[in-house]
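Here is a page from my notebook, kept while I looked through one model. I wrote things down in the order I looked them up.

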Amino acid sequence: MKKAEPANRGPEQDLSIVLLKLALFTLAMVVLPIGTYYGSRDYYFHDNTTGAGILAAIVANLILIGFVVMAFMDDKEYPEEGAASGDKKGSTAVAPKKTTAVAPKETKKDL
């Protein structure tokens with residue numbers, strides 16, 4: 001007898017894709033800035049470590065920006081369960097309370 005498999009394997013597949021992307025960005029964060037530093041120091045800046053360091057920092061920031069953009073794009077791809085049906089139970093955001101400013105009343109002592 002075969003073991004029943006779940007019909008929807010979405011969350012497990014999504015998690016494996018997210019972990020793969022995280023591993024790739026982690027590897028890029030380790031390899032690319034260091035490679036950029038040594039490569040640009042030896043071949044482009046000719047022993048100018050300041051320029052090579054600035055270029056390596058730029059590469060590291062570009063990788064981080066790419067990861068954040070990718071994370072936002074993935075988040076838009078999978079909306080919350082309650083948001084699609086119009087049900088507010090799925091939403092965890094709380095609307096701020098409206099407050100009005102009240103001026104203090106003048107008393108006879110103030111005059």
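**Ground rules.** I am working with a predicted model, in which local features need pLDDT of at least 70, side-chain atom pairs count only at pLDDT 80 or more, and totals for chains, interfaces and linings use all residues. Residues are numbered from 1 along each chain as its sequence is written, and side-chain values use heavy atoms, with hydrogens and water left out.

**Whole chain.** I looked up the secondary structure and found three helices and zero strands in the protein chain, in the order α-α-α along the sequence. Helices here are DSSP runs of H or I with at least four residues, strands are runs of E with at least two, and numbering starts from the N terminus.

Next I checked burial: of the 111 residues in the protein chain, 13% are buried. Buried means under 20% relative accessible area, exposed means over 50%, and partly exposed is in between, with a 1.4 Å probe and protein chains only. The protein chain exposes about 10200 Å², and 64% of that comes from carbon and sulfur atoms; the areas come from the Shrake-Rupley method with a 1.4 Å probe.

I also looked at contacts (heavy atoms within 4.5 Å). Among those in the protein chain with a separation of 6 or more, 44% join residues 24 or more positions apart.

**Aromatic rings.** How many aromatic pairs are there? I count three, where rings of Phe, Tyr and Trp (its six-membered ring) pair if their centres lie within 6.5 Å; planes under 30 degrees apart are stacked, over 60 edge-to-face, and the rest tilted. One of them joins tyrosine 37 and tyrosine 38, edge-to-face at 5.0 Å centre to centre with 80° between the planes. Tyrosine 37 is partly exposed at 21%, and tyrosine 38 is partly exposed at 43%.

I then turned to tyrosine 44 and phenylalanine 45: their centres are 4.8 Å apart and their planes are at 80°, so this pair is edge-to-face. Tyrosine 44 is exposed at 60% relative accessibility, while phenylalanine 45 is partly exposed at 26%.

**Serine 40.** I found serine 40 in helix H1, residues 10-43. Is serine 40 buried or exposed? At 7% relative accessibility, serine 40 counts as buried.

Its side chain has a polar atom 2.6 Å from the backbone oxygen of threonine 36, and reaches the backbone oxygen of tyrosine 37 at 3.3 Å. Leaving aside neighbours within four places in sequence, I noted contacts of serine 40 with Gly35, Phe45, His46, Ala52 and Leu55.

Notes
Polar contact = N/O pair within 3.5 Å; in protein donor to acceptor, adjacent residues only side chain to side chain.
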